[in-house]
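My notes follow, in the order I looked things up.

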Amino acid sequence: MIKVSLRPIVSKLNLPTVLKTTILPSDSSETLFVATQLGEIYYIRDGLIGNFLDIRLRILKLGASGGRYDERGLIGMAFHPKFQYNGLFYLHYSVAGTQGPGALTKPETARQEPAALPEFFKPDPCDLGTLNLKWINREIDYDHIDTVEEWILQPNGQPQKRRTLLNLRRPFFNHNGVNSLNFSPETGKLVLTTGDGGMGYDPFNLSQDDMEIAGKIIEIDVVKNTFINDSPVVTRFNELPAPIQETLAVMAKGVRNIPGISFQRFYNQYIKYVGIVGQDLAESIYSFVHYQAIPVTQLVQASLMNSGADQEGLINFGWRGWEGAFPTSIISGCSANSALDEKVIAYYNDAVKTSVLRIQPLTSYFHQDPRPDKFGGTALTGVQAYMGNGIPDLTGSVVFTDIARNEGSHPPVRGVLAYTRVRTDCNLSNFSVIETDYNFGSQSALYVSLGTNLDQTRLYLGVYGAMNVNDSNQGTVFEIVP
């Protein structure tokens, strides 16, 4: 078993959603940046913390839809590969003043009292109505608007917004992705990872619909059409003006929810790692090398012609028909035996349709796992390749975090750090827990984010002491060290 130490770098932060390093203009060494869900961005160097940018007033009031828990806010931050020279960086966040009623306004799925989570959706395999729901009245029935923006660090050291790349209307408060903006070292393009929009089971099957922006991995060419600003508020690719469509391509679909994408150099190519948050059974990590991104203009043209675009090389993770390596199941208690659960395939037709199109996970771990060296998971929160030599047993592996062990354990809650490796025989990889020696005492420790430096030789872990996004100053950022 691998054992590591957690070395605190900064504490008493709000919930840390993104941990990244970059080289500042007129500098030669890397600086660590931390973005919080509430909208603060800090930089840390030589043991000192400074304010880089505060966009809290631009971000909607968190906790309004989900009571104590929320998945909106500042969820993506990426620095241009040439940030040192051009000062460009990118943000993805939920916009102040855009709170809506949500996309399912029927009485049985209506919002509960503010302190509680909204009712989550469950399909009924015997009721066609629940299997073929459509998101209608989108201009009225939505939860909030997310925006993707380009900013610049001016010569005077002040960041300033330059332009808006996308404005996305989202159906529900959750599954917006996190660590959702990353630059591809392969193509130089900005990669946006979007979740399916939330409420469980992807009620509108947005993740498999080629026109829907939800549930996709999207490449954005930030060099093309740089004059474009203030994109209209949309949910579908075909609602975008042609010049914006021309900057976009779809890398992957079938995404449920996703904590970003990680690129690992392997000789002259890159392995891409993606974690997909599970529904009720399993959390899954995928890897792929080759893919063919499909230009959005091509997808829109195929939709207009009703012909279906050539999707050779498009990555499909299989959701909503598949949860990792399993057909998506509904779990309910057995009436005949309270100690057992009944599992019913939620969307049989979706599972059949996507069975041969989807890629298999590199590894999955389960919400319940009785094996002594494993753990029950709750939700995947980070996946990063590690190429350093500081922790030799981890070199070349893929490290991942789960927000909290799901073992019916009593408080305090603890997150999990684990790792896996790519197998050359394409079989499902095993995974192992990484033991940490840090004593959190009686405090909860939710592992909410995982980050790395530019050459993936250092790992950073974001920990939070509460599930309530409005419990402030409970965050700590650690470096994972030998």
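Before I start on side chains, the cut-offs I use: buried means under 20% relative accessible area, exposed means over 50%, and partly exposed is in between. I also keep in mind that this is a predicted model.

**Overall build.** I counted five helices and 31 strands in the protein chain. The C-alpha trace spans about 60 × 55 × 50 Å along its principal axes. For 482 residues a compact globule would have a radius of gyration near 23 Å, and I get 21 Å for the chain, which agrees. Buried residues come to 58% of the 482. I also checked contacts with a separation of 6 or more: 64% of them join residues 24 or more positions apart.

**Salt bridges.** My tally is 18 salt bridges. I looked up Glu40 and Arg56, whose side chains meet at 3.4 Å, N to O. Glu40 sits in strand E4 and Arg56 in the loop between strand E5 (48-54) and strand E6 (74-79), so I have a link between distant parts of the chain, 16 residues apart. Arg56 is at 42%, so it goes down as partly exposed.

Next I took Arg45 and Asp27, which pair at 2.4 Å, N to O. Arg45 is in strand E4 (residues 40-45) and Asp27 in the loop between strand E2 (16-23) and strand E3 (30-36), so this pair ties together parts that are 18 residues apart in sequence. Arg45 is partly exposed at 23%, and Asp27 is partly exposed at 21%.

Then Arg72 and Asp70, at 2.9 Å, N to O. Arg72 is buried at 0%, and Asp70 is buried at 5%. I also noted one network, in which salt bridges with shared partners join Arg138, Asp209, Glu212 and Arg236.

**Cores.** The largest nonpolar core has 30 residues, and Leu166, Leu190, Ile220, Phe237 and Leu248 have the most contacts inside it. Strands E7 (88-94) and E9 (159-170) are among the elements that supply at least two residues each. Helix H4 gives the most, with four residues. I followed Leu190 and found that it touches residues including Tyr90, Leu165, Phe183 and Ile218. A second, separate core has 24 residues, including Leu362 and Phe375.

**Surface.** Ile345, Tyr348 and Val352 make a nonpolar patch of about 290 Å². Ile345 is in strand E23 (residues 341-345), and I have it as partly exposed at 35%.

Technical notes:
Residues numbered from 1 in each chain as written. Predicted model: local features only at pLDDT ≥ 70, side-chain atom pairs only at ≥ 80, totals over all residues. Heavy atoms only, no water. Core = buried A, V, L, I, M, F, W, Y, C linked by side-chain atoms within 4.5 Å. Buried < 20%, exposed > 50% of the residue type's maximum accessible area, 1.4 Å probe, protein only. Contact = heavy atoms within 4.5 Å. Patch = residues over 30% accessible without salt bridge, like charges linked within 9 Å, V, L, I, M, F, W, Y side chains within 5 Å. Areas by Shrake-Rupley, 256 points an atom, 1.4 Å probe, with all protein chains shown as cover. Salt bridge = Lys/Arg side-chain N within 4 Å of Asp/Glu carboxyl O. Rg over C-alpha atoms; globule rule 2.2 N^0.38 Å. Lists of a residue's contacts leave out its neighbours within four places in sequence.
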